[in-house]
Amino acid sequence: MSRGSRVAIIGAGSVGASIAFALLLQKISSEILLVDIVPEAIEGQVLDLSDANFISSTRVRGGTFQEAGQCDIVVITAGAKQKSGETRVELIERNYKILDNVIRSMKPFNPNIILLLVANPVDVLTRIAQKLSGLPEKQVFGSGTFLDSARLRLKLSSELGISENAVHGYVLGEHGDSQIIAWSSAHVGGKPLLDFPEIQKLDKEAVAKEIANKAYKIIELKGATYFGIAGCVSIMPVVLGSNGVERVVDVSLSEEEKNNLKRSASALKSICAKYL
Ligand SMILES: NC(=O)C1=CN([C@@H]2O[C@H](COP(=O)(O)OP(=O)(O)OC[C@H]3O[C@@H](n4cnc5c(N)ncnc54)[C@H](O)[C@@H]3O)[C@@H](O)[C@H]2O)C=CC1
Ligand SMILES: CC(=O)C(=O)O
C-alpha cells in the first residue's frame, strides 16, 4: 500500500478504533475514514484519535459508506461481538445482516478496492463478502488465523526464551474453535521446532487449547479483545499488494494435520452453505 492510500474502517467500536490507532502509528496511509451507523461513535472516536494527531502524518476523519466504497482498502469490523462464553459462529445471524447492509451501502465499489474482513465469524463472513460484493475473490480476504498465529509465536517464544520474530509457525483453519497448529512445519531459523527439547516436552494439546481459548479468557476478563487484532491488521496493510492476494503459499502438513484441517474447513463450509 502506498503512503497516499486511503483506508476506511467500517465499525467505530473498540476494534475499529484500535485499528485506526495502530494504522496512525504506522503512518502508512494519508487518510483514515471511520464509518458507523452511530454518528456519536464516529464523532467520539475521531475526537479522541485527533489528540494523537501530533505523532502521525495520517489524518482520521468520519466518512460515509459511499466514500468508503471509493477507498483503496476497507477494513470491516462492524458487527456484534461475543459475550462471555459465546462462540464466534454464534454471531453469524446478526453479523450476516450487518455485512449485507454494509456492502449494499458501499456499492458501487472502486473496482480496485480491497476488502479486509475482521468481524466474526471472520472466515464465514469473508466468503460471504466475496459473493455479496461481486469483486474478484483475490480482493476480498479476512484476517483469518493471523491473530492466532501471533498468539502461538508469543507462547513458543516464551517457552524457548527467544524473540517472537525468530519463531515461524502457523495456526491454520478456522479463526475459532476448530483451528489447528501446524507443528510439523514450524521452525526457528530453519531448525524444526519439534527438534527443540523444550518443545518436545510441551503438552501440545494443552498449548493448542490455550491458543484457541485466549480470546475467551480476555473476553471473560475485560469484555472484548482489540489490541492484538489491531496490530495484525496494521501489519497486513503494510504488506498488501495493490491487487490483493497475489499468491497463496501452501504450508507443508503431516497427514494428521491435513485431516484436522479438512475437518475445520468442512465445519466452516457447512455454515457458509446456509448463506450462499
Ligand atoms: N478477526 C479477529 O481476530 C477479531 C474479530 N473481532 C470482531 O470484531 C467485531 C467488532 O468488535 P468490537 O469492535 O469489539 O465491537 P463494538 O461493539 O465495540 O463495535 C462494533 C461497532 O459496529 C457498529 N455497527 C453495527 N452495525 C453496523 C453497520 N450496519 N454499519 C456500520 N457500523 C455498524 C456499531 O455501532 C459499533 O460501533 C466483532 O464481530 C468481534 O467479534 C474482534 C477481535 C478480533
Ligand atoms: C475476538 C476474537 O476473535 C479474538 O480475539 O480472537
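In which sense do strand β10 and β11 pair, and over how many bridges? Strand β10 (residues 187-188) pairs with β11 in the antiparallel sense, and the pairing extends over 2 bridges, where two strands count as paired if DSSP finds at least two bridges between them. Strands (E, at least two residues) and helices (H or I, at least four) are DSSP runs, numbered from the N terminus. The structure is a predicted model, in which local features need pLDDT of at least 70 and side-chain atom pairs count only at pLDDT 80 or more, whereas totals for chains, interfaces and linings use all residues. Residues are numbered from 1 along each chain as its sequence is written, chains are lettered from A and ligands numbered from 1 in the order in which they are written, and side-chain values use heavy atoms, with hydrogens and water left out.

The pairing of β10 with β11 belongs to an open sheet of 3 strands, antiparallel in its pairing and ordered β7-β10-β11. Its edge strands, each of which pairs on one side only, are β7 (167-168) and β11 (191-192). Within this arrangement, Val-188 has Lys-191 of β11 as its bridge partner.

Leaving aside residues up to four places away in sequence, Val-74 touches, among others, Ala-8, Ile-10, Met-106 and Leu-115, contact being defined as heavy atoms within 4.5 Å.

Salt bridges, in which a side-chain nitrogen of Lys or Arg lies within 4 Å of a carboxyl oxygen of Asp or Glu, number 9. One of them joins Glu-31 and Arg-6 at 3.5 Å, N to O; because Glu-31 lies in strand β2 (residues 31-35) and Arg-6 in strand β1 (residues 6-10), the pair ties together parts that are 25 residues apart in sequence. Glu-67 and Arg-61 form another, with their closest N and O atoms 3.1 Å apart, and Arg-6, Glu-31, Arg-61 and Glu-67 are linked in a network of salt bridges. Arg-94 and Glu-86 also meet in a salt bridge, at 2.7 Å; Arg-94 is partly exposed, with a relative accessible area of 34%, whereas Glu-86 is buried, at 13% (buried means under 20% relative accessible area, exposed over 50%, and partly exposed in between, with a 1.4 Å probe and protein chains only).
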